[in-house]
Amino acid sequence: MQSQKAYPPAYSFEFFPPKTDAGMIKLHRIAEELATLKPRFFSVTFGAGGSTREKTMETVLDIKRLAGIDAAPHLSCVSSTRESISEILETYQQHGIKRLVALRGDLPSGMMAGGEFRYANELVEFIRSETGDHFTIEVAAYPESHPQAPHFEADLKNFKRKIEAGANSAITQYFYNADAYFHFIDACEKLRIDIPIVPGIMPINNFSQLARFSDACGAEIPRWMRKQMECYGDDQASIQASGLDVVTSLCEKLLERGAPGLHFYTMNKSEIVSAIWKNLNLGP
Ligand code: FAD
């Protein structure tokens with residue numbers, strides 16, 4: 001963990017672009033509330049294949065203006081052309097956006113690829129070639145391996161390609177086993193990877209939904225945790241209370257050992273994230 005201890009902790013909150021006006025109004029309130037915690041940045045997801053292109057842009061600009069916090073759009077390249085990515089980059093530059101989360105993305109089932117980028121390292125390289133050092137570029141990391149990777153070492157080498165292409169820092173897929181993160185950092189250090197790798201934290205709101213989603217994205221729910229949550233049945237209050245303890249304790253372990261901050265997948269909800277924050281005594 002030596003490499004990570006050198007970086008001052010940075011905190012960030014991720015949102016998705018709301019589909020409705022009511023959702024957008026609710027997100028404004030949540031962003032204003034979370035802005036009081038003084039995160040380094042907010043980020044806003046991007047639907048694969050560009051499906052939320054306008055909404056991501058609108059949400060990023062809105063929450064940046066309203067909450068006064070730096071906001072980073074996610075940008076996924078699967079099925080995109082160089083021309084369309086170039087246009088998006090130009091718009092963000094014009095609006096003073098300085099940070100991006102650069103991803104490959106996943107195509108919705110049934111949609112054909114057919115774009116000009118295959119992997120996120122190609123997108124990072126393209127952003128650097130088009131815009132130089134204008135953007136701070138975040139990329140994704142997978143302590144438990146990306147689900148399509150043939151094995152851990154291959155995935156790690158592919159992660160390194162993104163850094164060699166110009167990524168400044170990384171945010172991990174969520175996980176509930178802190179050792180997976182520590183093991184990943186040790187493996188990165190052996191490959192001389194030295195950028196901040198911030199753990200992605202998924203608060204537990206709805207466990208059955210989380211379990212389904214985790215199977216698809218390759219995040220492991222430890223057996224002890226699954227068993228614990230299952231015994232609460234439909235009792236959402238107990239699931240959330242127990243989830244709060246589990247996630248608080250995970251964050252404590254990560255920060256104690258030197259993780260360079262936390263990135264919260266808020267799912268556009270603030271209650272549980274605020275409770276974790278309070279438990280961790282992070283101020284201000
Ligand atoms: P890559 O880094 O390209 O890796 C994808 C797979 O290809 C891996 O198995 C890797 O080992 C392999 N690979 C990579 N490079 C090469 C290469 N050069 N040669 C051979 N194999 C290679 N998805 C969205 O659609 N929108 C979002 O907003 C979004 N935000 C996310 C934010 C975070 C922090 C994280 C962790 C994930 C997010 N995702 C998002 C999900 C992400 O798009 C998927 O996990 C996707 O499957 C991989 O994206 P990537 O950028 O990690 O891909």
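Reply: Gladly, starting with handedness: a crossing is left-handed if the near helix is turned anticlockwise from the far one by less than a right angle, and right-handed if clockwise. Helices (H or I, at least four residues) and strands (E, at least two) are DSSP runs, numbered from the N terminus. This is a predicted model, where local features need pLDDT of at least 70, side-chain atom pairs count only at pLDDT 80 or more, and totals for chains, interfaces and linings use all residues. Residues are numbered from 1 along each chain as its sequence is written, and side-chain values use heavy atoms, with hydrogens and water left out.

Me: What is the handedness of the crossing of helix 3 and helix 4?

Reply: Helix 3 crosses helix 4 in the right-handed sense.

Me: And how do I describe the packing itself?

Reply: Two packed helices are described by the angle between their axes and the distance between the axes. Axes are lines fitted to C-alpha atoms, for helices over the stretch in contact, and angles run from 0 to 180 degrees between N-to-C directions. Here the axes of helix 3 (residues 53-67) and helix 4 (residues 82-94) come within 12 Å, crossing at roughly 15°. That makes helix 3 roughly parallel to helix 4; angles under 35 degrees count as roughly parallel, over 145 as roughly antiparallel, 65 to 115 as roughly perpendicular and the rest as oblique. Arg53, Thr56 and Met57 of helix 3 make the contact with Ser84, Glu87, Ile88, Thr91 and Tyr92 of helix 4, where contact means heavy atoms within 4.5 Å.

Me: At what angle do helix 4 and helix 5 pack?

Reply: Helix 4 and helix 5 (residues 120-131) pack at about 55°, their axes 11 Å apart. These two helices, helix 4 and helix 5, are therefore oblique to each other, and helix 4 passes helix 5 in a right-handed crossing. On the helix 4 side, Arg82, Ile85, Ser86, Leu89 and Gln93 meet Leu123, Phe126, Ile127, Glu130 and Thr131 of helix 5.

Me: Which residues make the contact between helix 7 and helix 10?

Reply: First the geometry: the axes of helix 7 (residues 178-190) and helix 10 (residues 236-256) come within 10 Å and cross at roughly 25°. The crossing of helix 7 and helix 10 is right-handed. Ala178, Tyr181 and Phe182 of helix 7 touch Leu250, Lys253 and Leu254 of helix 10.

Me: Which residues come nearest to the ligand?

Reply: A residue is near a molecule or strand if one of its heavy atoms lies within 4 Å of it. Of the 24 residues around the ligand, the nearest are Phe46, Asp106, Tyr142, Asp155 and Lys162. A backbone N or O atom of phenylalanine 46 is 2.7 Å from a ligand nitrogen atom. In the side chain of histidine 146, an N or O atom sits 2.7 Å from an oxygen atom of the ligand. For lysine 162, a side-chain N or O atom is 2.7 Å from an oxygen atom of the ligand.

Me: What should I look for in the backbone?

Reply: Most residues other than glycine have a negative phi, and most peptide bonds are trans. Serine 145 has a positive phi, near 75°, and belongs to the loop between strand 5 (136-141) and helix 6 (152-164). Glycine 283 and proline 284 are joined by a cis peptide bond, with omega about 0°. Proline 284 lies in the segment after helix 11 (271-279).

Terms used: Polar contact = N/O pair within 3.5 Å; in protein donor to acceptor, adjacent residues only side chain to side chain.
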